[in-house]
Amino acid sequence: MKRFLDLADFSREDVLELIALAQRLEAHPEPSALAGKILGLIFFNPSLRTLASFQVGMQRLGGSSFVITPGQGTWQLETRLGAVMDGAAAEHVREGLPVLASYADAIGIRAFAEGKDLQDDVSEARFSAMAEVIDKPLINMESAVNHPCQALADWKTLEELAVPARGKFVLSWAYHPRITPLAVPAATLHMAAQRGMEVVVARPDGFALPQEIMDKAHAAAAASGGSVSETSDRHAALKGAQVLYAKEWGCTAPYGDAAADAAQRAQFKDWQVNESWFSHSAEECKFMHCLPVRRNVAVADHVLDGPRSVVLQQAHNRLPAQMAVLHRLLARSASTY
Ligand code: CP
């Protein structure tokens, strides 16, 4: 494996192999597997889980890491191609990133969407421009419309919970007072479709996921024997659901208009997950969320603290899932896929 940028780059069997490796590394740690290897972690945006779990994962495998948060103790990095750099950024990623890559054996980048132009964000223009100048193994730690590390951890969680591969998986929009990225909903949708599940996206009008993301999920479902549909009727969506995965995301019609987004989302404060959402789900329906989550805004306390919630298991699984990715990218015996 040379890069881990998108679960869609891997077959269903490849993903299941990665999950098996994650399980093996949990049961049988390999404290010297990455001895002498160095991972450079570049965070253009904040993190708790990704930041901690990648550093811990490298250490547990015998390697080490360094963290760069551009503009905080380092030069601010310009990401726009063709920019006239007369502002705050003293260095462009076209110099900064190859320099950092030359010090490391692998690089991870977190760079969220710019949130202005939907096509630019859906095409991953910003992340791709950075990936282009890095000649080392590269990990997507969350880009404009992808979060493959979260998706891999979530798939592992579904396997541990023995959620049937053909089970009903509802990805639901949840209320949040601010615009939040499309990365997790897009990655989650694709993951569940690639797993072969009956996936329903429940979202209010104005918050439909971009057509390119839906089309990609439809293609994954066609290949795996699953299905994908969408609705604004969350009650109908949740009927018989075995998993409710809640996520907040920004308005897509219009996209990048803060005032219009705020006006739209203000109508949907009742999209706060509470136990009544599960009244017609399967009795054993699990509740998932990638975290961070705003309690009693997006999700009620009693759901997060109740028996359906597996959010801490999901967050824990970031560590072994990413250790498997690092092992595949950097261990001497690395597989070639
Ligand atoms: N879910 C997730 O990526 O968490 P962080 O933003 O804290 O890394």
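This note goes through the ligand site, the salt bridges and the backbone of the structure above.

1. **Basis.** The model is predicted: local features need pLDDT of at least 70, side-chain atom pairs count only at pLDDT 80 or more, and totals for chains, interfaces and linings use all residues. Residues are numbered from 1 along each chain as its sequence is written, and side-chain values use heavy atoms, with hydrogens and water left out.

2. The surrounding residues include Ser47, Leu48, Arg49, Thr50 and Arg110. His147, Gln150, Cys290, Leu291 and Arg318 also belong to this set. The cut-off for a residue near a molecule is one heavy atom within 4 Å of it.

3. Which side chain has an N or O atom 2.8 Å from an oxygen atom of the ligand? That side chain belongs to Arg49. Gln150 places a polar side-chain atom 3.0 Å from a ligand nitrogen. Leu291 uses its backbone: an N or O atom there lies 2.8 Å from a nitrogen atom of the ligand. On its own the ligand has 250 Å² of accessible area, and the protein covers 93% of it. Accessible areas come from the Shrake-Rupley method with a 1.4 Å probe; for residues, only the protein chains shown count as cover.

4. **Salt bridges, overall.** The whole structure holds 16 salt bridges. The criterion is a side-chain nitrogen of Lys or Arg within 4 Å of a carboxyl oxygen of Asp or Glu.

5. **Lys156 and Glu26.** These two form a salt bridge, with 2.8 Å between the closest N and O atoms. The link spans distant parts of the chain: Lys156 is in helix H6 (residues 148-160), Glu26 is in helix H1 (residues 12-27), and they are 130 residues apart. Helices (H or I, at least four residues) and strands (E, at least two) are DSSP runs, numbered from the N terminus. Lys156 is buried, at 1% relative accessibility. Glu26 is partly exposed, at 38%. The classes are buried under 20% relative accessible area, exposed over 50%, and partly exposed in between (1.4 Å probe, protein chains only). Glu160 joins Glu26 and Lys156 in a network of salt bridges.

6. **Arg110 and Glu142.** Their closest N and O atoms are 3.3 Å apart, in a salt bridge. Arg110 lies in strand S6 (residues 106-110) and Glu142 in the loop between strand S7 (138-140) and H6, so the bridge ties together parts 32 residues apart in sequence. Both residues are buried. Arg110 is also among the residues around the ligand.

7. **The S7-H6 loop.** Glu142 has a positive phi of about 130 degrees, although it is not a glycine. Its relative accessibility is 7%, so Glu142 counts as buried. Ser143 is found in that loop too. Its relative accessible area is 0%. Ser143 and Phe112 are 31 residues apart in sequence, yet their C-alpha atoms are 4.8 Å apart.

8. **Two further charged spots.** Glu248 and Lys247 meet in a salt bridge, 3.1 Å from N to O. Glu248 is buried at 2% relative accessible area, and Lys247 is buried at 8%. Arg203, in the loop between strand S9 (198-202) and helix H8 (211-224), is buried at 12%. The side chains of Arg203 and Glu230 make a polar contact of 3.0 Å. Such a contact is a pair of N or O atoms within 3.5 Å; within protein, one must be able to donate a hydrogen and the other to accept it, and residues adjacent in sequence count only if both atoms are side-chain atoms.

9. **Backbone checks.** Where are the cis peptide bonds? One joins Ala253 and Pro254, with omega about 5 degrees. Pro254 is in the loop between strand S11 (243-247) and helix H10 (258-265). Another joins Leu291 and Pro292, also with omega about 5 degrees. Pro292 is in the loop between strand S12 (286-288) and helix H11 (301-304). Asn296 lies in the loop between S12 and H11. Asn296 has a positive phi of about 60 degrees and is not a glycine. Asn296 is partly exposed, at 41%.
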